Amino acid sequence: MARVVVDVMLKPEILDPQGQAVQRALPRLGFEGISDVRQGKRFELEVDGPVDEAALARIHDLAESFLANTVIEDFTVRVEEVAEAAK
């Protein structure tokens, strides 16, 4: 079994009010030196069988059509190692 991670983030030119709210709150909470915060989504997909080029292409299509709104969001797809002890 393998894990494929899809990270979805707002495009840089899209206003991120949630990220801005967190950024404004950080100094009040004692966290200085953070100049920007962007909020996003992370999807972890457990894949049965090998993650080959065909599987990654299917997951890319899934992300593009269902997980991300590609008008305002960018996404990345990557394979993440799953430690046996974590299963």
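In which loop does F31 lie? F31 is found in the loop between α1 (17-28) and β2. The legends below describe a predicted model, in which local features need pLDDT of at least 70 and side-chain atom pairs count only at pLDDT 80 or more, while totals for chains, interfaces and linings use all residues. Residues are numbered from 1 along each chain as its sequence is written, and side-chain values use heavy atoms, with hydrogens and water left out.

**View 1. The open sheet and its strand order.**
Three strands make up an open sheet in the order β2-β1-β3, with antiparallel pairing. Because β2 (40-47) and β3 (73-80) stand at the edges with a single partner strand each, one side of each is left without a neighbour in the sheet. On average, neighbouring strands of this sheet are turned by 20° against each other, direction ignored. Helices (H or I, at least four residues) and strands (E, at least two) are DSSP runs numbered from the N terminus. Two strands pair if DSSP finds at least two bridges between them. Strands of a sheet pair through backbone hydrogen bonds, either parallel or antiparallel.

**View 2. Strand β1 and its two partners.**
Strand β1 (residues 2-10) runs antiparallel to β2 and is joined to β2 by eight bridges. Along this pairing, V4 has L45 as its bridge partner in β2, and A2 has V47. Eight bridges also join β1 to β3, and these two strands run antiparallel. Here V8 stands opposite F75 in β3. β1 is mostly covered, with seven of its nine residues buried. Buried means under 20% relative accessible area, exposed means over 50%, and partly exposed lies in between (1.4 Å probe, protein chains only).

**View 3. Helix α2 against the sheet.**
Strands β1 and β2 are joined by eight bridges. Helix α2 (residues 53-67) packs on the sheet and touches β1, β2 and β3. The direction of α2 makes about 150° with that of β3. Contact means heavy atoms within 4.5 Å. Axes are lines fitted to C-alpha atoms, for helices over the stretch in contact, and angles run from 0 to 180 degrees between N-to-C directions. G49 is located in the loop between β2 and α2, and with a relative accessible area of 41% G49 is partly exposed. The C-alpha atoms of G49 and Q23, which are 26 residues apart along the chain, are separated by 41 Å.

**View 4. The nonpolar surface patch around F31.**
L29, F31 and I34 form a nonpolar patch on the surface, and together they have about 330 Å² of accessible area. F31 is exposed, its relative accessible area being 51%. Patches are made of residues with over 30% relative accessible area and no salt bridge, with like charges joined within 9 Å and nonpolar side chains (Val, Leu, Ile, Met, Phe, Trp, Tyr) within 5 Å. Accessible areas come from the Shrake-Rupley method with a 1.4 Å probe, and for residues only the protein chains shown count as cover.

R3 lies in strand β1 and counts as buried at 19% relative accessibility. The C-alpha atoms of R3 and E32 are separated by 35 Å, the two residues being 29 residues apart along the chain. D7 is also found in strand β1, but D7 is partly exposed, with a relative accessible area of 22%. D7 and G40 are 33 residues apart in sequence and 7.3 Å apart in space, C-alpha to C-alpha. Leaving aside neighbours within four places in sequence, D7 is in contact with K41, R42, D74, F75, T76 and R78.

K41 forms a salt bridge with E73, the closest N and O atoms being 3.3 Å apart. K41 lies in strand β2 and E73 in strand β3, so the pair ties together parts that are 32 residues apart in sequence. K41 is partly exposed at 33% relative accessibility, whereas E73 is buried at 11%.

R42 forms a salt bridge with E80, with the closest N and O atoms 3.0 Å apart. R42 lies in strand β2 and E80 in strand β3, so this pair ties together parts that are 38 residues apart in sequence. The side chains of R78 and E80 also meet in a salt bridge (3.5 Å, N to O). R78 is partly exposed, with a relative accessible area of 34%. Salt bridges that share partners join R3, D7, R42, E44, E46, R78 and E80 into one network.

Definitions and conventions: Salt bridge = Lys/Arg side-chain N within 4 Å of Asp/Glu carboxyl O.
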